[in-house]
Amino acid sequence: MDGPLDPANYDTTHEVVSWWQATAAPPPPRAALEGEHGVDIAIIGGGYVGLSCARTLAERGHSVAVLEASEIGWGSSGRAGGIVGYGGTKRSEAALVRAFGTEEVARASALQTETLQALHAFCHDRGLGDQVQGVGELLLGHSARATAAIQAKDWGEPVAPSGQPDIARHGGVLIRPCFGIHPLRLVRAMAEATEDAGAAIHPRSEVHTWERQGNGHRLLTTAGALRATRVVVAGGAFTPERLHPQLGQRVVPVISNIAVTRVLTTEERARHPWLGADPAADTRHMLAYFRLLPENRLLFGMRGDARGSAEGASAMLSRLKTRLNAALPGLAEAEIEYFWRGPVCTTATLRPALGALTDEPTVYHGFGWHGSGIAMGTLAGRLLGEQIAGAPPEAIPAPWRGLPPRLPLPGLRPLYVRTAFAGYALADRLS
């Protein structure tokens, strides 16, 4: 793989030591692609998007194979904070309505609600019920003005201020039907469901060469080749820059940093009695998100790094502890036992990018969830699968259709991200 981040981020042999990895059973044995094979649809990327798309197509009788560069869950899908909620864009609702109309924005929201409900049922059906946490996502205002603004939008049920000098002191809203989940166990359950539907999954099968053969495609891995009439690119922030000329350099990866503490004591839990099963986030541009895990450990995550280098990890951990102490005073005393990082996929338009390439309509893409990839990625995969199976392109809501532009001088994307971070941090201080 290649991309604008530090090269270590693309090393698929590197093991990501996370709380999720430490508490999930090993994946079942699956064979890498070997020899020459042919399918109707080849999918590059075995995360939420790729697996959801493969399952959708396999259930409709198509032959499908998923090629994953590492093991299922190695990428963003298995490293996420585990908040299953609304999102996918960093554009405001008002901006989306101005650009695409009320009807299209409402249709996008309705599809997300449907997906959240379906994922909740899927978790219980697949034996993950003990990992489902909460009935909604807490969105907490970082100021009284921010709280008033989100409560005025009727996004969810108003939440009263906590009366404590912490992140909930202004109150906020509870947005249903969101919940928390163990993301690595979820993506692996999706892989099993995808295989049950009839699709093939090949881990350790990174695509290094893409050949055109008449009206079809031939994807070469280290030990095999896969022929297909259509190809779906679902690698997100890990999509190699040179994989396809029309898709390269359109992803803007941003590093997400997540920490998990030791088990909290009864006294520590009592310091913030409002903190319960519902996952939470604040309204800052440089947001923080957190939740109590079923084991009474605290998970805390935030953005703030543009390169993802090993040298920057200790500085980010220090910044995360400072932010944690400001948000939830006293809990920073709980030792952090796990700290891991990985890229979130954003775009220059701050919107998802779904559909078929205009100049090559047998190639499909889905990326750009802006940190809300569990539900949005699952939905995106389903929509792509339905389009391949015959649904019109307009079945994808307008705010999510099409490709984002490449930024000028794409090699400077880390600089653009740092500049954006500085602007967001200033806006947060002023607010």
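**Entry 1: ground rules.** I number residues from 1 along each chain as its sequence is written. The model is predicted, so local features need pLDDT of at least 70, side-chain atom pairs count only at pLDDT 80 or more, totals for chains, interfaces and linings use all residues, and side-chain values use heavy atoms, with hydrogens and water left out.

Entry 2: I looked up the strand order first. The open sheet has 8 strands in the order 5-6-4-13-14-15-12-16, with mixed pairing. Helices (H or I, at least four residues) and strands (E, at least two) are DSSP runs, numbered from the N terminus. Two strands count as paired if DSSP finds at least two bridges between them. Strand 5 (157-159) and strand 16 (336-346) are the edges; each has a single partner strand, so one side of each is left without a neighbour in the sheet. From one strand to the next the twist averages 25°. Angles run from 0 to 180 degrees between N-to-C directions, and axes are lines fitted to C-alpha atoms, for helices over the stretch in contact.

**Entry 3: strand 4.** I then went along strand 4 and its partners. Strand 4 (residues 137-140) pairs with strand 6 (residues 172-175) in the antiparallel sense, over 4 bridges. Leu138 is opposite Leu174 of strand 6, and Leu140 is opposite Gly172 of that strand. With strand 13, strand 4 pairs in the parallel sense over 3 bridges; here Leu140 stands opposite Asp282. In a regular strand the side chains alternate between the two faces of the sheet. I find Glu137 and Leu139 pointing one way from strand 4, Leu138 and Leu140 the other way, and all of them buried. Buried means under 20% relative accessible area, exposed over 50%, and partly exposed in between (1.4 Å probe, protein chains only).

Entry 4: Which strands does helix 6 touch? Helix 6 (residues 144-152) packs on the sheet against strand 4, strand 5 and strand 6, and its direction makes about 40° with that of strand 6. Contact means heavy atoms within 4.5 Å. Ala146, Thr147 and Ile150 of helix 6 are buried. They cover an arc of only 100° around the axis, which puts them on the same side of helix 6; the arc is that of the directions from the helix axis to the C-beta atoms. Strand 4 and strand 6 are among what covers these buried residues. Ala144, Arg145 and Ala152 are exposed on the other side of helix 6. Just after helix 6, I noted a positive phi of about 60° at Asp154. Helix 9 (residues 310-327) lies across strands including strand 12 (252-263) and strand 16, and runs at about 120° to strand 15.

**Entry 5: Thr346.** Thr346 is in strand 16. Is Thr346 buried or exposed? At 13% relative accessibility, Thr346 counts as buried. A polar atom of its side chain lies 2.5 Å from the backbone oxygen of Val252. Leaving aside neighbours within four places in sequence, Thr346 is in contact with Arg250, Val251, Val252, Val254 and His370.

**Entry 6: strand 2.** Last, I looked at strand 2 (residues 64-67). Val64 and Val66 on one side and Ala65 and Leu67 on the other are all buried. Strand 1 (residues 35-44) pairs with strand 2 in the parallel sense over 4 bridges, with Ile44 opposite Leu67. Strand 2 and strand 8 (residues 200-202) run parallel, joined by 3 bridges, and Ala65 has Ala200 as its bridge partner in strand 8.

Definitions and conventions:
A polar contact is a pair of N or O atoms within 3.5 Å; within protein, one must be able to donate a hydrogen and the other to accept it, and residues adjacent in sequence count only if both atoms are side-chain atoms.
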